[in-house]
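Hi everyone, thanks for coming along. Have the sequence and the 3D view open while I talk, and we'll walk through it together.

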Amino acid sequence: MLKLKVNEIEVEVEEGLTVLQACEKAGVEIPRFCYHEKLSIAGNCRMCLVEMEKSPKPIASCAMPAADGMVIKTNTPKIEKSRKGVMEFLLANHPLDCPVCDQGGECDLQDQSMFYGIDKSRFKENKRSVPDKNMGPLIKTQMTRCIHCTRCIRFATEIAGVPELGAIGRGEDMQITTYLEQSIQSELSGNVIDLCPVGALTSKPYVFEARPWELKKTESIDVMDAVGSNIRVDTYGWEVKRILPLINEDINEEWISDKTRYACDGLSNQRLDTPYIKYNGKFEKATWDEVFKIIKSKIKNTSKDKIAGFVGDLANMESSYIFKEFFDRTLDTNNYDCRTSNYYTNINERENYLFNSKINGIEESDLIFLIGTNPRFEATILNARIRKSYVNNLTKILSLSDVGDLTYPYKTLDGKTKTLVDIFEGKSEITKDILNAKKPLIILGESFFKLQSADFLFNLIKNFLTNNKKISESWNSLNKISTDASTVGSLDLKIINEKGNIFENLKANNFEIIYLLGQDNLNFDKKNEFIIYQGSHGDKGAEIADIILPGAAYTEQNGHFTNLEGKIQKAFKASYPPGEAKEDWQIINELAEFMNNRKLFNDKDELESSMFNYINLQQENRVLSDQGTASKNFAESENLTVTYKEYYFSNVIARSSKTMLDCNNSKLETKKTGTDG
Amino acid sequence: MTLRKISKEQPERFEFTQENLDEANRIIKKYPKGRQQSAVMSLLYLAQKQNDNWIPLSAMKHIGKILDMPYVKVYEVATFYTMYNLTPVGKNFVQVCTTTPCMIRGAYKLVEACKEKISENENEFVKEKNCSWMEVECLGACINAPMMQINDDYYEDLDKEKALKILDQIISGKKPEPGSYRGRLNSEPENNRKTLLDVKNA
């Protein structure tokens, strides 16, 4: 530990920290532009100057390592004068266009010039003007405002792993640009907008939409993938204007993926705002009473095992739970499932479907083995962690199949399940690597669980890891990447048709009533089924429906989501459902009341506490040894092809979003023109 | 100085000749393993020499691939240094020094010569002459002012007449003798030495 004095305050800091961090520990705020905790140190904005004893000149505190016995002063007239000088230089070429700048109100330069700026300019020459650059459909550039902090370059190179941004030219003519002004090929590119301390990089879809102080800010949870990134939803009246990341070191640090950030314009397109009934192939508007009446009579006239329910990828746990209760208590059937096909899912133990090593654990790992997954598109933020682990520790990364560019180098195996069997039966070189690794990370993707021999392979891998003490109290190397926000929550709630053959019956058109709770991804040919679709957007599910119940999207209702690590987080209501639409749990509760004259739950609190009781009960009563059902035989070698949903169109909200369409098109265009020469 | 833009006309492909590739590998070997990116400046210069004194984008990509570094990083280096030409300058690239010592000794006469023989404007590539000229800052040969640099060679102690002659030869494809045009050896005094007479090899 090093002892320093900052403005007469004594602080102790660890070795390797900088003077700026020491000052922060002493509670002294240092102005800065280029310094950012998560990025490497550049030291080029010079705003963080402080005075150090025995140093004739002020020092840049962000780049100076703290040393024992340093005496730092941050509030002397000399420092104020030097910071004012730095600020004057920064403002010399910065345009005075704050009234038309989207950064206005949340601009570092604006804020800090309130303290260090002077009210008039001594710079009489013409200001520098820089042509704007194309950075794709998400980032609007106004490069004259750029103060060359290089945060965006460092982010793209270090965190996103796409070294496409650079500073060309030099001195006054330095310009930040992407290579030949192509759009940034990253799913994390939106984060440079948050990083930019001025208005040089702003959000294109959000351009001139609102001022930060007019927006209502709600802290919430993202549902675009199963990572459960913490977000802030900014609303203006009903409309969700933008989504920003919140810092959560355990999950998303302070980044979010482009889909999380920009799919929000899908929340105002294609919305279902009133109940609909299909007459002769055409949807007609109806009232809640009318649709409930039809549903009631249909259900009364159908035997209970001819009714099936499917929970979709964006449903929160409250809705899923009341949906399950509706089936269990009102309809008295357990024909419900949260999956889209009958792939192998073992819910005997919770660790079978969780990312057990935790997202933070990725950084400690020394060997990462990806099986049937493309984390870049299935869990973007998690992929950024794997990259971080690679950058910090040069972690060895293997993948069974070749899944393309993951932003870090990895070794590809042949993609055959036979290879997996060899590895986990101890007949391969890689076996030794796994055994020698202190904290290996075996990551199974959903494509793995869709294999025919997934059952056998999963148990083989799990037994191998258990026998070799790679699954223990301190480290559990078995990991599954779920792709949907609702998956883990639904499995915790046991919304799964384990014994029955719901998917075969669905394919064979054996059901007469199908109730879809936001489920748009089912793959079957509709014949005479009566389909009830409850959801927020008019998409595939609503198209085939006979009755549409308009529900709420994730920003319009309070609800819990369990992320892929098994962490329960609550998403808060930022807006309200449009038109006649209601919150999902309310619809089901009212439907139950309509049918039996008895509500399932009196209010949301009762629903919530009942749900948590159920989850706790399930976890206590889990059947521990159910290995008997595992098939003992390895049928034949299969090719493990990694399939995942198209990144920009993975759910109804993203599919309704114009921005996501633009992103997809820009990516296609780049592919066509070809970036490799 | 403004940001130099890359040429609109870019050749499709660029590859080092075998000779230059060997040279590139020799340069790369100077640096420790994993630090091969340090060779980027030498390789850019090599590419510039090979490609008639300018660096096309395909050369930057080629170098990026050889050194295993992102294209934009090569691009950054190439745009940073003024000695890398990003647009065609011709096989004969004439640089006239117009910094004070040369200016006093009549550098603008050389500029006039260039305007007459090559093109009216500087930085203008004349295709049929395969030549262009530009004014540059001090080239460090003040004692032999005025002077100009053509490709790798210095032509010193010039006046307008001599410059015109040199340019004529250059354009017609000949290579005039570099060095002083008043018969001096390097930068020795014009009418023989007057000091250090007792030192033989001074």
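This is a predicted model: local features need pLDDT of at least 70, side-chain atom pairs count only at pLDDT 80 or more; totals for chains, interfaces and linings use all residues.

Residues are numbered from 1 along each chain as its sequence is written, and chains are lettered from A and ligands numbered from 1 in the order in which they are written.

So, chain A. It has 21 helices and 26 strands; helices here are DSSP runs of H or I with at least four residues, strands are runs of E with at least two, and both are numbered from the N terminus. The radius of gyration of chain A is 28 Å, close to the 26 Å that the globule rule gives for 677 residues, so chain A is as compact as a globular protein of that length. That radius is taken over C-alpha atoms, and the rule is 2.2 Å times the number of residues to the power 0.38. Along its principal axes, the C-alpha trace of chain A spans about 90 × 65 × 55 Å.

Now find the open sheet of 5 strands in chain A, with the order β2-β1-β5-β3-β4 and mixed pairing. Two strands pair if DSSP finds at least two bridges between them. At the edges are β2 (9-13) and β4 (59-60) of chain A, each pairing on one side only. How do β3 and β4 of chain A run? They run antiparallel, joined by 2 bridges, and A:L49 stands opposite A:A60 in β4(A).

Next, where the chains touch. The contact takes 12 residues from chain A and 13 residues from chain B, with residues in contact if their C-beta atoms, placed from the backbone, lie within 7 Å. On the chain A side, strand β7 (residues 165-168) gives the most, with 4 residues.

Last stop, chain B. Helices α6 (residues 107-117) and α7 (residues 160-171) of chain B pack at an angle of about 35°, with their axes 9 Å apart. Those axes are lines fitted to C-alpha atoms over the stretch in contact, and angles run from 0 to 180 degrees between N-to-C directions. Residues meeting there include B:L110 in α6(B) and B:L167 in α7(B).

Definitions and conventions:
Two residues are in contact if their C-beta atoms, placed from the backbone, lie within 7 Å.
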